[in-house]
Amino acid sequence: MLRVNRLGRTFFAEVVGLDLAKPLDEATFARVKQAHLEHGVLVFRDQRITPAQHIEFSARFGPLQIHPMSQFNLDGAPEILLVSNDTHPDGRPVGIADAGRYWHTDMSYMKEPALGSLLYARAVPAEGGDTLFCDMTAACRDLPDDMRAKLTRLKAVHHFASRWSRESAKYGVRPPQTKEEQDRNPPVEHPMIRTHPETGEPAIYAGGFAVRVQGVPEQESAEILDWVEKWVAQPKYVYRHRWRLHDLVFWDNRRVMHQATEYPVDQRRHMHRTTVKGNAPFGIRGQSPNSSAAKLTELGL
Ligand code: OGA
Ligand code: MN
């Protein structure tokens, strides 16, 4: 019997009584999908799934996205991205060891970013390596009126290569991107408040791939990004997931951001991720972001 227990204050739930190694019937699938929309993040504990089963379950939610850093995708199943600190015999990293150590929403640097990501734990450290999640719908609902008005009309530029090079410099475990890899994902713009295409709820949309607010001076852009990050990271919006072996966590990238945390370097952490493609984000109907000078002047920006 399938049960869904909320774990966080406003979001995040545990789904009990489901074996994802077996095909789900339509009614069960519909309940899972509904729970995902309702809670934003679902954890399924103690799952023993093969890469093929992981892919099959994920693909029921939509077409899968292949991560652009192809050397970190699983051999023979590129739909699976390896988030791992394992190394090949010659010392090359098997996966992205330092993935996502900053608030972000997956693949926001694409025109059609991820709907959701499904991360499956195949080896977890004894301590550390938790993942933090924050509820951007709740954070959006509580915005002060002036900030809501401002963010509603703004767009941010998201850019993969900028973030990648910043992280390489910080931890020293990422290979630099080739020119071809950098050019594959040119900067894109997304509204800073997006409407969830299925629930209709507005949510803040920003995170670590957002490098610049469009149409405002650089100093102000930095201040806005900084303000948003502090706002959404308030403890009341955050849930910390402590991984157990064989957890599968499925989050809604349209509603939550997430952030990886560090763990001892001499311990293994090995995760498989699939990514479901979503829609091109749109703003609030009738108030869509417009970064033209006239509009910004009208807003006093
Ligand atoms: C990811 C990610 C965080 C983690 O896989 O998209 O950000 O804790 N991972 O591994
Ligand atoms: Mn991520």
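1. Cysteines. The sulfur of C140 lies 12 Å from the closest cysteine sulfur, that of C134, which is too far for a bond. A search of the whole structure finds 0 disulfides, a disulfide being a pair of cysteine sulfur atoms within 2.5 Å. C140 is buried at a relative accessible area of 1%, and C134 is buried at 0%. Here buried means under 20% relative accessible area, exposed over 50%, and partly exposed in between, with a 1.4 Å probe and protein chains only.

2. Basis of the values. This is a predicted model, in which local features need pLDDT of at least 70 and side-chain atom pairs count only at pLDDT 80 or more, while totals for chains, interfaces and linings use all residues. Residues are numbered from 1 along each chain as its sequence is written, chains are lettered from A and ligands numbered from 1 in the order in which they are written, and side-chain values use heavy atoms, with hydrogens and water left out.

3. Manganese site. The manganese ion (ligand 2) is coordinated by H104 (NE2), D106 (OD) and H258 (NE2), at 2.1 to 2.2 Å. Donors are N, O and S atoms within 2.8 Å of the metal (3.2 Å for Na, K and Ca); water is not among the atoms, so sites may look incomplete. In sequence, the donor residues of this ion follow the spacing H-x1-D-x151-H. D106 lies in the loop between β5 and β6 and H258 in strand β15 (residues 256-260), so this pair ties together parts that are 152 residues apart in sequence. Strands (E, at least two residues) and helices (H or I, at least four) are DSSP runs, numbered from the N terminus. D106 counts as buried at 3% relative accessibility, and H258 is buried at 5%.

4. Sheet containing β15. The strand that carries H258 belongs to an open sheet of 3 strands in the order β13-β7-β15, with antiparallel pairing. The edge strands are β13 and β15, each of which pairs on one side only. From one strand to the next the twist averages 20°; axes are lines fitted to C-alpha atoms, for helices over the stretch in contact, and angles run from 0 to 180 degrees between N-to-C directions. Strands of a sheet pair through backbone hydrogen bonds, either parallel or antiparallel.

5. Strand pairing in detail. Two strands pair if DSSP finds at least two bridges between them. Strand β7 (residues 131-135) and β15 are joined in the antiparallel sense over 5 bridges, and L132 has Q259 in β15 as its bridge partner. Between β7 and β13, which run antiparallel, there are 4 bridges; T131 stands opposite H241 in β13.

6. The structure holds 14 aromatic pairs. Rings of Phe, Tyr and Trp (its six-membered ring) pair if their centres lie within 6.5 Å; planes under 30 degrees apart count as stacked, over 60 as edge-to-face and the rest as tilted. One of the pairs is Y109 with F209, edge-to-face, at 4.8 Å centre to centre and 80° between the planes. This pair links distant parts of the chain, with Y109 in the loop between β5 (77-84) and β6 (114-123) and F209 in the loop between β11 (202-204) and β12 (210-213), 100 residues apart. Y109 is buried at a relative accessible area of 2%, and F209 is buried at 5%. One aromatic cluster is formed by F11, F12, F133, Y239 and W251.

7. Charges over rings. The charged end of R163 sits over the ring of Y102, 3.8 Å from its centre. R194 lies over the face of Y205, at 4.7 Å from the ring centre. The criterion is NZ of Lys or CZ of Arg within 6 Å of the ring centre and within 35 degrees of the ring normal.

8. Positive phi. Most residues other than glycine have a negative phi. D46, not a glycine, has a positive phi of about 55°; D46 is found in the loop between β3 (41-44) and α2 (51-59) and is exposed, with a relative accessible area of 51%. H246 also has a positive phi, near 70°. The place of H246 is in the loop between β13 (238-241) and β14 (248-252), and at 15% relative accessibility H246 counts as buried.
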